[in-house]
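User: I'd like to go through the labels on this model and hear what stands behind each one.

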Amino acid sequence: SMRSSPTVVAALLFASLASTIHRLHAKERDSCDRDDGECVDAPKFETGMAWRSSGANNAELVSQLVANRVVKSKRVEEILRQTDRGEFSKHNPYYDSPQAIGFGATISAPHMHAYALELLESRLVQGGRALDVGSGTGYLTVCMAKMIGDGGLVVGIDHMDELVRQAETNIRKSHAHFLDG
């Protein structure tokens, strides 16, 4: 029997995520019957109103993501409520759009992190393994680590040393056990 390495498992997770997103886009695109391509009545993603999910704080942000049906599972909702974006983004952490984190990089919009966690929920299991490529501030890495729990392994990698140091600083604010364990 062949044992998968964490890198292979992560590649499969991200390939699955990309495939799911592609299918959702194709479903929306193919639902248009009009010749001019103007799909006024085309169904939107079942995941809701992503860009309208901003809040004044983390609790409001997550409540908006739930109300707009971006977050559907209780498990993902709990993880997002436990992980305050304000510890990972200095500027507008609760605004539902990408935010600059320095060095020409951004932290993804909250709805993108929520979509990723929703789509990967069945694979981010207790004791599992995951790889967060381009981990930036460490936010999604921490969310994934909380989903995988004790006995699991989540590795966040980034090609910019400055961002790696920033992520370590951010994670130590409330989640140092993930680095020290």
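Analyst: The lining of the largest cavity has six nonpolar, two polar and one charged residues. For those classes, Ala, Val, Leu, Ile, Met, Phe, Trp, Tyr, Cys and Pro count as nonpolar, Asp, Glu, Lys and Arg as charged, and the others, Gly among them, as polar. Keep in mind that this is a predicted model: local features need pLDDT of at least 70, side-chain atom pairs count only at pLDDT 80 or more, and totals for chains, interfaces and linings use all residues. Residues are numbered from 1 along each chain as its sequence is written, and side-chain values use heavy atoms, with hydrogens and water left out.

User: What makes a space a cavity and not a pocket?

Analyst: On a 1 Å grid over the protein atoms alone, a cavity is a set of points where a 1.4 Å probe fits but cannot get out, while a pocket is an open set with protein on both sides within 12 Å along at least five of seven lines. Lining residues have an atom within 4 Å of a point. A search of the whole structure finds one cavity of 30 Å³ or more, with a volume of about 40 Å³. A volume is the space filled by probe spheres set on the points, which are joined across faces, edges and corners.

User: Which residues line the largest cavity?

Analyst: Asn58, Leu61, Val62, Leu65, Leu80, Arg85, Pro110, His113 and Tyr139. Helix H2 gives the largest share, four residues. Helices (H or I, at least four residues) and strands (E, at least two) are DSSP runs, numbered from the N terminus.

User: How do you know which residues leucine 117 touches?

Analyst: Contact means heavy atoms within 4.5 Å. Not counting residues up to four places away in sequence, leucine 117 touches Val76, Leu80, Leu124, Leu140, Cys143, Met144 and Met147.

User: Why is asparagine 92 called partly exposed?

Analyst: Buried means under 20% relative accessible area, exposed over 50%, and partly exposed in between (1.4 Å probe, protein chains only). Asparagine 92 has 49% relative accessibility, so it counts as partly exposed. It sits in the loop between H3 and strand E1 (99–102), and has a positive phi of about 50 degrees although it is not a glycine.

User: And phenylalanine 103, buried or partly exposed?

Analyst: Phenylalanine 103 is at 46% relative accessibility, so it counts as partly exposed too. Its place is the loop between E1 and E2, and its phi is positive, about 60 degrees, although it is not a glycine.
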